[in-house]
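Visitor: I am new to this structure. Please take me through one part of it slowly, and tell me what touches what.

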Amino acid sequence: MPEWLPEAAAAVLAAVIAITFHEAAHGYAARALGDPTAALLGRVSLNPLRHVDPFGTVLLPAILLASQLLATGRVDFLFGWARPVPVDVRHFANPRAGMMWVAAAGPAMNAVLALAAAFALHPAIWAEPLLSADSAAFLYRFLALFILANLVLGLFNLFPVPPLDGGRILVGLLPLRAAMAWARLEPVGLFLVIGVLFLLPMAVPEFRPMDWFVRELVRPAFGLVLRAAGHDFP
């Protein structure tokens with residue numbers, strides 16, 4: 001077995017589960033608030049294939065995975081997204097508030113999953129003597145990557161630019177006139193985010209927003225989750 005295969009398998013499995021549950025949470029929240037659109041289209045589902053986006057779910061994570069494995073032999077960062085869950089706000093009693101809660105459901109699910117994985121480290125530690133060295137190493141690495149994948153996905157989506165979840169949450173919180181102005185960013189918001197975070201650093205190497213994101217947001221959140229689950233973490 002190639003040495004990189006367990007690392008790649010753990011990273012892919014962690015990312016697929018995190019992305020699938022994130023998108024499914026949007027669908028479940030929309031249905032709970034009265035919108036059947038996602039359910040009718042089969043998107044209220046934990047089947048990953050129903051949420052696949054060719055670029056965000058397959059190509060971009062594959063590029064990040066391959067580049068890290070080739071450079072360092074391990075995976076320290078993985079990012080991607082799924083097809084957006086369709087929502088018809090006309091079914092909500094309060095369209096702005098309804099859309100805000102649907103948007104918040106995705107990052108909230110990622111936070112719950114990250115914390116659950118941190119708690120799952122306790123039985124993993126207890127079971128280690130019963131496992132082979134390779135199995136224990138895979139289990140620990142999967143749980144660590146699963147926490148990381150959920151934190152990256154959840155925190156990234158909280159950036160306040162529509163159509164990211166944080167942008168839609170902000171639209172629900174702002175006064176109506178400001179909310180309408182901010183919502184107009186939605187058709188170009190994702191292009192702005194990709195441009196600033198991924199394309200601009202190619203032209204300006206000193207500008208490294210993703211390094212800041214990982215250092216200032218993801219790493220502290222990783223430590224917070226572990227400490228909340230009762231683990232010693234500096």
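At what angle do α1 and α4 pack, and how far apart are their axes?

Guide: First, a caution: this is a predicted model. Now to the pair. α1 and α4 pack at an angle of about 140 degrees, and their axes are 8 Å apart. Angles over 145 degrees count as roughly antiparallel. The angle here makes α1 oblique to α4. Their crossing is right-handed.

Look at the residues that meet. From α1 come Ala18, Phe21, His22, Ala25, His26, Ala29 and Ala30. From α4 come Trp101, Val102, Ala103, Ala105, Gly106, Pro107, Met109, Asn110 and Leu113. By class, this contact has 12 nonpolar residues, four polar ones and no charged ones.

Next, follow α1 to another partner. α1 and α5 pack with axes 8 Å apart, at an angle of about 40 degrees. These two helices are therefore oblique to each other. The crossing of α1 and α5 is right-handed. On the α1 side, the contact includes Pro6, Leu13, Ile17, Ala18 and His22. Ala18 and His22 also belong to the contact of α1 with α4. On the α5 side, Phe138, Arg141, Phe142, Leu145, Phe146, Ala149, Asn150 and Leu153 take part. The contact of α1 with α5 divides into 16 nonpolar, two polar and two charged residues.

Now go back to α4 and turn to α6. Their axes come within 8 Å and cross at roughly 150 degrees. α4 and α6 are therefore roughly antiparallel to each other. This crossing is left-handed. α4 supplies Arg96, Met99, Met100, Ala103, Ala104 and Pro107. α6 supplies Asp165, Arg168, Ile169, Val171, Gly172 and Leu173. The contact of α4 with α6 has eight nonpolar residues, one polar and three charged.

α1 gives the most, with four residues. The lining divides into 15 nonpolar, four polar and five charged residues.

Technical notes:
Residues are numbered from 1 along each chain as its sequence is written. This is a predicted model: local features need pLDDT of at least 70, side-chain atom pairs count only at pLDDT 80 or more; totals for chains, interfaces and linings use all residues. Side-chain values use heavy atoms; hydrogens and water are left out. Ala, Val, Leu, Ile, Met, Phe, Trp, Tyr, Cys and Pro count as nonpolar, Asp, Glu, Lys and Arg as charged, and the others, Gly among them, as polar. Axes are lines fitted to C-alpha atoms, for helices over the stretch in contact, and angles run from 0 to 180 degrees between N-to-C directions. Angles under 35 degrees count as roughly parallel, over 145 as roughly antiparallel, 65 to 115 as roughly perpendicular and the rest as oblique. A crossing is left-handed if the near helix is turned anticlockwise from the far one by less than a right angle, and right-handed if clockwise. Contact means heavy atoms within 4.5 Å.
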